[in-house]
Amino acid sequence: MKFAKTFSAILAIFLLYATVTEGMSLARSISELRCRCINVVTPEKPIKNMKSLELIPSGPHCKNTEVIITLKSGNSVCVDPSTPWVEKLIKNILEKQNNEETV
């Protein structure tokens, strides 16, 4: 009798854990299937306090190519990829990556 209760309790905990972790995984995958940039800015001059740049090509998740700049403050800014200085920056990064791959 005690074994059945213990087994039932363990099974219930396992099922609850499986349901919660699967739900978290599903929520994460749903959020990845949309554009990350809602507001896009077009600064005329390059951003000085840039920490990193993330280039997300268009695809099934979003029809737009997205460029996300993370600032040294930790904030992120979505910039228009067709801005001339952004295009030049992306071109330089891609050329640098290609040079590193050939070495």
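**Reading contacts and strands in a predicted model**

Q: What does a relative accessibility of 48% make R36: buried, partly exposed or exposed?
A: R36 counts as partly exposed, because its relative accessibility is 48%, and the partly exposed class lies between under 20% for buried and over 50% for exposed. Keep in mind that this model is predicted.

Q: With which residue does R36 form a salt bridge?
A: A salt bridge needs a side-chain nitrogen of Lys or Arg within 4 Å of a carboxyl oxygen of Asp or Glu. R36 forms one with E54, and the closest N and O atoms are 3.0 Å apart. R36 sits in the loop between α1 (2-31) and β1, while E54 is in strand β1, so the pair ties together parts that are 18 residues apart in sequence. E54 is partly exposed because its relative accessibility is 34%.

Q: How many salt bridges does the structure hold?
A: The structure holds 1 salt bridge.

Q: How do strands of a sheet pair?
A: They pair through backbone hydrogen bonds, and the pairing is either parallel or antiparallel. Here, 3 strands form an open sheet in the order β1-β2-β3, with antiparallel pairing. β1 and β3 are at the edges and have a single partner strand each, so one side of each has no neighbour in the sheet. From one strand to the next, the twist averages 25°.

Q: Over how many bridges do β2 and β3 pair?
A: β2 and β3 pair over 4 bridges, in the antiparallel sense. I68 stands opposite C78 in β3.

Q: Which strands does α2 lie across?
A: α2 lies across β1, β2 and β3, and it runs at about 85° to β1.

Q: Where is T83 found, and is T83 buried or exposed?
A: T83 is in the loop between β3 (76-79) and α2 (84-102). T83 counts as buried because its relative accessibility is 5%. The side chain of T83 reaches the backbone oxygen of D80 at 3.0 Å. Apart from neighbours within four places in sequence, T83 is in contact with T42 and P43.

Q: Which residues does S58 touch, not counting residues up to four places away in sequence?
A: S58 touches K63, N64 and T65 when those neighbours are left out. S58 belongs to the loop between β1 (50-56) and β2 (66-71). S58 counts as partly exposed because its relative accessibility is 42%.

Q: What separates the C-alpha atoms of S58 and C35?
A: The C-alpha atoms of S58 and C35 are separated by 9.0 Å, and the two residues are 23 residues apart along the chain.

Technical notes
Residues are numbered from 1 along each chain as its sequence is written. This is a predicted model: local features need pLDDT of at least 70, side-chain atom pairs count only at pLDDT 80 or more; totals for chains, interfaces and linings use all residues. Side-chain values use heavy atoms; hydrogens and water are left out. Helices (H or I, at least four residues) and strands (E, at least two) are DSSP runs, numbered from the N terminus. Buried means under 20% relative accessible area, exposed over 50%, partly exposed in between (1.4 Å probe, protein chains only). Contact means heavy atoms within 4.5 Å. A polar contact is a pair of N or O atoms within 3.5 Å; within protein, one must be able to donate a hydrogen and the other to accept it, and residues adjacent in sequence count only if both atoms are side-chain atoms. Two strands pair if DSSP finds at least two bridges between them. Axes are lines fitted to C-alpha atoms, for helices over the stretch in contact, and angles run from 0 to 180 degrees between N-to-C directions.
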